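Student: I have just opened this structure and would like to find my way around. Could we look at it together?

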Amino acid sequence: MNRVTFFILIHVFFAACTTTPQLNSEIVEQAHKNGKHATEGFERSLRFVNGWLAKTDSITGLIPSNLTKKTDVWEPHNAAADNYAFMVLTAFLLDRELYHGELLEMLKTEKEITTRVKSLPDTYSFSKQDFLKDEMNPGDIIFGTSEYIKDGLIPLNEYMGKSPWQDRMIEMLDDLLEYMDNPKELEHIFERTASVEEVNGEMLQTLSRIYWMTGKEKYLDYATEIGDYYLQGERDLSQMEYLRIRDHGCEIIGGLSELYVTLHFTSPEMKKQYQPALYRLLDRVLEIGRNEDGLFYNAVNPKTGEVVDPKIVDNWGYVFNAYYSVWLVDKKEKYRQAVLDGFKKLNENYRNYAWEGTSHDGYADALESGINLYNRESLPELKDWIESEMQVMFDMQQNDGIIGGWHGDGNFARTAIMYSLWKTQGATIQPWRNDVMLGASTNGNETCFVLTAENDWEGKLFFDTPRHKTILNLPLDYPRINQFPEWFTIKAGEEYRIISPQKRYAGTYSAKELLKGIPVTLKAGQELVFVVR
């Protein structure tokens, strides 16, 4: 393809320059390569959506939980939380007609036919056209709702902001708080200890983030009830006989760290009360819960120090998020070093590794772990491992777009989108087409965006915002499970100057103007290079 290239420089206004800079050919070429990787990730995500839309129930239009044993049911904790939510996000980025059409209709249908207690959902049977179980089980209601909110709707909300899915999230959360009463009751509702910790951990993560988003004290009040339960002596995890560190069980470690960070800003005295118990838990996991490579075992007995399940956690980054978050507010260097130690042997011992056996879901969680932490600690060895293993996960997708044929397929798209947004430094285009390539690369204080089209294209280029502030109102962008990291962002209140040989793009822009999107018209074979300083 012949490329017709012109250059655009965007920089903060107070650092104005008067001439177009000499472009670094290496950074331009890297941005072009990243654009190819981003396009592959986006394209595979949209293929996943279309593959699953071909499997919807003919009456309800909902997707089944899987394509083998659970073809007859929509489960809130599976179909909704892990699969449907990331179909929505994919369409939001890549197919707005689908986003506003069939996927919004799914939300309306799900609300109408699967809600059982106020707004709280339960498992729905397509063949019965009714709930799968005639009698309601409180544990199913609580577990399904908490999973749908935290695993599915929270990530959507953190990226998209105000939407019908945000409304659904808040409605269910408010009703769930009334229905649950208090965190202690879960001991009597769930037989499995891991389920108790999973739900309470999910609630801590959800409540901490929604407290900041809304400013409503009721969310923080409930979160501190859970915090008291674990960090004031009643349920001391550092003395339990079983602690699941892998997926699901790890939610409580992340949840307690999120509450701890919140209290750092809202209630330093309460944070101080929680600190000894949280430190004991984190220290005990570091002491007995890691292998020689610095990665975590699936489960341990904190009381005796025994390793209960010696397999290695695929979601190691979910656990490291907690250590890094505590380091951010307390500067306890031991915790940051534990995170860095976990990267040292990835390239040596964990390429083509059997995370969760042959499951793509294990790869998705491991790769998300790496991407989210690379956003904070950009180590070359971590980047090399991500690049290698992303291709391993991509190769697991089938020709029809389906990956494993179960609800974890959505996690494939979640991680592929995280990867692609890294490769575009958070920038996106509307409308998206697979023949229009956007890539970006950063070198020091310079970020380069490359946009090319195989065929004529007209649309807008959008830059990202510091979403932890603009959507969640967080005082600190601490690492969170299933968040979509921020790369290059436009800051409110700043002015930017665009210098270009093409006069239509030249001039000074406010952040507000840039965030509306830059109108771009590309002819077939044309390439645009935006250098941002």
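Student: Which residues of α6 meet Lys218, Tyr219 and Tyr222 in α9?
Tutor: Happy to start there, and bear in mind that this is a predicted model. Contact here means heavy atoms within 4.5 Å. On the α9 side the partners are Lys218, Tyr219 and Tyr222, and on the α6 side they are Ile170, Leu173, Asp174, Leu177 and Met180.

Student: How are α6 and α9 oriented to each other: roughly parallel, roughly perpendicular or oblique?
Tutor: Helix α6 spans residues 164-180 and α9 spans 217-231, and their axes lie 12 Å apart at an angle of about 45 degrees. Angles under 35 degrees would count as roughly parallel and 65 to 115 as roughly perpendicular. The crossing of α6 past α9 is left-handed. The angle falls between those ranges, so the two helices are oblique.

Student: Is α10 largely enclosed or largely open?
Tutor: Helix α10 covers residues 251-266, and its 22 Å reach from first to last C-alpha is close to the 22 Å expected. A residue is buried when under 20% of its relative area is accessible. Since 13 of the 16 residues of α10 are buried, the helix is largely enclosed.

Terms used. Residues numbered from 1 in each chain as written. Predicted model: local features only at pLDDT ≥ 70, side-chain atom pairs only at ≥ 80, totals over all residues. Heavy atoms only, no water. Helix = DSSP H or I, 4+ residues; strand = E, 2+ residues; numbered from the N terminus. Expected span 1.5 Å × (residues − 1). Buried < 20%, exposed > 50% of the residue type's maximum accessible area, 1.4 Å probe, protein only. Axes fitted to C-alpha atoms, helices over the stretch in contact; angles between N-to-C directions. Parallel < 35°, antiparallel > 145°, perpendicular 65-115°, else oblique. Left-handed = near helix turned anticlockwise from the far one by under 90°.
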